[in-house]
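Thanks for coming. Please have a look at the chain on the screen, and I will then go through it element by element and end with a few single residues.

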Amino acid sequence: MDIKNLATDMDSIVAQGAIVEAVEKYFAEDANTSDYNQVTTTGKEQMVEKMTGFAGAIAQVNGIQLHRTLVDGNVSASEFTFDFLMKDNSRVYWHEIIRRIWNDEGKVVHEEYFNA
């Protein structure tokens, strides 16, 4: 499995704003996530639901910038800046590192977000 190519493809999908599609394509059914706000998901279905709700709350994408993707073995780390105007008129501005652990089938089994 070429994790570098998989991570690069997933990141390009995310950078286009298709976050739900990236999860649907690359998450394993038993994947879990955690972030720096102590929010977790268990299972691909829960993550798709979470991302669908989040994407539906976005009024305008001001920018999504992928800075870099690094891979070491079956672990990738991607640095992004996300800038969204939400439907409630709040602004989401995240500069974060997304660390992913990939399984032998080329699917993400764990994704963790770090405030950069």
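One definition before anything else: buried means under 20% relative accessible area, exposed over 50%, and partly exposed in between, with a 1.4 Å probe and protein chains only. With that in hand, take Gln38, which counts as exposed at 69% relative accessibility.

A word on the source: this is a predicted model, where local features need pLDDT of at least 70, side-chain atom pairs count only at pLDDT 80 or more, and totals for chains, interfaces and linings use all residues. Residues are numbered from 1 along each chain as its sequence is written, and side-chain values use heavy atoms, with hydrogens and water left out.

Now the layout. The chain has three helices and six strands, where helices (H or I, at least four residues) and strands (E, at least two) are DSSP runs numbered from the N terminus. Read from that end, the order is α-α-β-β-α-β-β-β-β.

As to overall dimensions, the C-alpha trace spans about 40 × 30 × 25 Å along its principal axes. The radius of gyration is 13 Å, which agrees with the value near 13 Å for a compact globule of 116 residues. That radius is taken over C-alpha atoms, and the globule rule is 2.2 Å times the number of residues to the power 0.38. Of the 116 residues, 42% are buried. Contact means heavy atoms within 4.5 Å; of the contacts with a separation of 6 or more, 45% are between residues 24 or more positions apart.

On charge, there are 10 positive and 19 negative side chains, and the centres of the two sets lie 4 Å apart. Lys and Arg count as positive and Asp and Glu as negative, while His and the chain ends are not counted. Each charge is placed at NZ of Lys, CZ of Arg, CG of Asp or CD of Glu.

Next, helix α2. Which residues of α2 are buried? In this helix, residues 19–26, they are Ile19, Val20, Ala22, Val23 and Tyr26. Seen down the axis of α2, these buried residues fall within an arc of 160 degrees, so they line one face of the helix. The arc is that of the directions from the helix axis to the C-beta atoms. As background, an α-helix has 3.6 residues a turn, so residues three or four places apart point the same way. The partners of the buried residues of α2 are α1 (3–15), β1 (27–34), α3 (44–56), β4 (75–86), β5 (91–102) and β6 (108–115).

Back to the loops. Gln38 lies between β1 and β2, and its phi is positive, about 70 degrees, although it is not a glycine. Asn89, in the loop between β4 and β5, also has a positive phi of about 70 degrees without being a glycine. Asn89 is exposed, with a relative accessible area of 66%. For reference, most residues other than glycine have a negative phi.

Arg100 and Ser78 are 22 residues apart in sequence and 8.4 Å apart in space, C-alpha to C-alpha. Thr42, in strand β2 (residues 40–42), is exposed, with a relative accessible area of 63%. Thr42 touches Ala31 and Asn32, again not counting residues up to four places away in sequence.
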